[in-house]
Amino acid sequence: MAIQTITLSLESGTTNLILTDNQGHSGTDITTDVSPLDIVLWKIESGSAIQEITSIYRKSGSVNVFSSIPVSLPGGDWKGIVAGLASGTEQYGVKYKVDGTEYDVDPYIRVQ
């Protein structure tokens, strides 16, 4: 079991989300590699204009790799636990707010 951290920031001068994981992937559409029982943490970059993460959810029709729906933690981070028997790649959604407006992106989690 490992902790995989995904940091959320904004592309300079825009509301476009940049995701950066602890594996070196960075961009608007990344795939983070995980193993069964890994903990995935989503964090807002310090000083970012992102007000909050409002939801992290499985996209319709996608494989579910989490043991339960990711949840909000005190302080604004989010946490998900990869299921023990998980396999495949899940496309998930991240909803976030900037200046009161909600935006949505669709990165991936891949179980190795």
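**Notebook: a buried glutamate, a sheet and some salt bridges**

I began by looking up Glu 90, and I found its place in strand β9, which covers residues 88-98. I note here that I am working from a predicted model.

My next step was to ask which side chain of opposite charge is nearest to Glu 90. The cut-off for a salt bridge is 4 Å between a side-chain nitrogen of Lys or Arg and a carboxyl oxygen of Asp or Glu. I then looked at the polar atoms of the Glu 90 side chain, and I found one of them 2.7 Å from the backbone nitrogen of Val 65. Leaving aside residues up to four places away in sequence, I listed what Glu 90 touches, and the list includes Arg 58, Ser 62, Val 65, Phe 66, Pro 107 and Tyr 108.

I turned to the sheet and wrote down its order as β3-β2-β1-β5-β8-β7, an open arrangement of six strands with mixed pairing. At the edges I found β3 (26-27) and β7 (71-72), each of which pairs on one side only. For Ser 9, I found that the bridge partner in β2 is Ile 18.

Last, I looked up the salt bridges, of which the structure holds four, and I followed three of them in turn.

- I found Asp 33 in a salt bridge with Arg 110, their closest N and O atoms being 2.6 Å apart. This pair links distant parts of the chain, since Asp 33 is in strand β4 (residues 31-34) and Arg 110 is in strand β11 (residues 108-111), 77 residues apart. I noted that Asp 33 is buried at 13% relative accessible area, whereas Arg 110 is partly exposed at 34%.
- I found Lys 97 and Glu 52 joined by their side chains in a salt bridge of 3.9 Å, N to O. Lys 97 lies in β9 and Glu 52 in β6 (residues 50-58), so this pair ties together parts that are 45 residues apart in sequence. Lys 97 is partly exposed at 26% relative accessible area, and Glu 52 also counts as partly exposed, at 34%.
- I found a salt bridge of 3.1 Å, N to O, between the side chains of Lys 59 and Asp 106. Because Lys 59 lies in the loop between β6 and β7 and Asp 106 in the loop between β10 (101-105) and β11, the pair ties together parts 47 residues apart in sequence. I noted Asp 106 as partly exposed, at 28% relative accessibility.

How values were computed:
Residues are numbered from 1 along each chain as its sequence is written. This is a predicted model: local features need pLDDT of at least 70, side-chain atom pairs count only at pLDDT 80 or more; totals for chains, interfaces and linings use all residues. Side-chain values use heavy atoms; hydrogens and water are left out. Helices (H or I, at least four residues) and strands (E, at least two) are DSSP runs, numbered from the N terminus. Buried means under 20% relative accessible area, exposed over 50%, partly exposed in between (1.4 Å probe, protein chains only). Lys and Arg count as positive and Asp and Glu as negative; His and the chain ends are not counted. A polar contact is a pair of N or O atoms within 3.5 Å; within protein, one must be able to donate a hydrogen and the other to accept it, and residues adjacent in sequence count only if both atoms are side-chain atoms. Contact means heavy atoms within 4.5 Å. Two strands pair if DSSP finds at least two bridges between them.
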